[in-house]
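Please look over the sequence and the model shown below. The paragraphs after it go through the structure step by step.

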Amino acid sequence: MRGRSNFAFSLVEVTLALGIAAFCLIAIFGLMPVGVQTNRNATSQTAATNITAALVADLRATPTFNTTSTQFGITFGTNPPPLYFDGSGQFSTSLGANSRYQLNITWYGTSNLRYADVKVTWPAAATSANASGRAETFAAFDRN
């Protein structure tokens, strides 16, 4: 019978492989909080952009003979009190326990050509100076 040769990993090779795997796992685990935070920021930015788009669409859909928008009740040319939105997009005129976003509108222009500076900040209870995130849109409305 011929001599059998056994193929196996030595203890040194196994130790090196475990060391390399541990180093890679530590690097991956170190990147996890960054990925989670980036995902949270992207989700908040998307929600704020959707809120802004819905408000601008409501204002643009308002007939010229109306001075108040139908969905959000915004009067053209008048800076309204802040609107507060929850995570599902429902709005309120007062800060509530579920409020996540705050929307502020500042009007500029004449009675026929209005400009709106629309700002959405989060968290809802924060002022715009200390908010953790913000989305802003400048929109023009021809009321002729």
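How many salt bridges does the count come to? The model is a predicted one, and in it the count comes to 2 salt bridges. Side chains of opposite charge can pair when their charged atoms come close. One of the pairs is Lys119 with Asp117, where the closest N and O atoms are 3.9 Å apart. The other partners are Glu136 and Arg134, with 2.8 Å between the closest N and O atoms.

The surroundings of these residues can be described in turn. Lys119 has 25% relative accessibility and counts as partly exposed. Asp117, its salt-bridge partner, has 9% and counts as buried, because buried means under 20% relative accessible area. Glu136 is partly exposed, at 40% relative accessibility. Arg134 is likewise partly exposed, with a relative accessible area of 40%.

The pairings can be followed strand by strand. Strand 1 and strand 3 run antiparallel and are joined by 3 bridges. Within this pairing, Phe85 has Tyr101 of strand 3 as its bridge partner. Strand 3 (residues 101-109) is in turn joined to strand 4 (residues 113-122) by 8 bridges, and these two strands also run antiparallel. Strand 3 and strand 4 form a hairpin, with 3 residues between them.

Is strand 4 largely enclosed or largely open? Of its 10 residues, 7 are buried, so strand 4 is largely enclosed by the rest of the structure.

Leu83 lies in strand 1 and counts as buried, at 4% relative accessibility. Which residues does Leu83 contact, leaving aside its neighbours within four places in sequence? Its contacts are Phe72, Ile74, Phe91, Ser92, Thr93, Tyr101, Gln102 and Leu103. Tyr101 in this list is also the bridge partner of Phe85. Along the chain, Leu83 and Ala124 are 41 residues apart, and their C-alpha atoms are separated by 9.3 Å.

The last stop is helix 1 and its surface. Leu25 is found in this helix and is partly exposed, with a relative accessible area of 44%. Leu25 contributes to a nonpolar surface patch of about 430 Å², which is made by Leu25, Ile28, Phe29 and Met32. Cys24 is also placed in helix 1, and it is partly exposed, with a relative accessible area of 40%. From Cys24 to Val118 the separation is 94 residues in sequence and 45 Å in space, C-alpha to C-alpha.

Technical notes
Residues are numbered from 1 along each chain as its sequence is written. This is a predicted model: local features need pLDDT of at least 70, side-chain atom pairs count only at pLDDT 80 or more; totals for chains, interfaces and linings use all residues. Side-chain values use heavy atoms; hydrogens and water are left out. Two strands pair if DSSP finds at least two bridges between them. Helices (H or I, at least four residues) and strands (E, at least two) are DSSP runs, numbered from the N terminus. Patches are made of residues with over 30% relative accessible area and no salt bridge: like charges are joined within 9 Å, nonpolar side chains (Val, Leu, Ile, Met, Phe, Trp, Tyr) within 5 Å. Accessible areas come from the Shrake-Rupley method with a 1.4 Å probe; for residues, only the protein chains shown count as cover. A salt bridge is a side-chain nitrogen of Lys or Arg within 4 Å of a carboxyl oxygen of Asp or Glu. Buried means under 20% relative accessible area, exposed over 50%, partly exposed in between (1.4 Å probe, protein chains only). Contact means heavy atoms within 4.5 Å.
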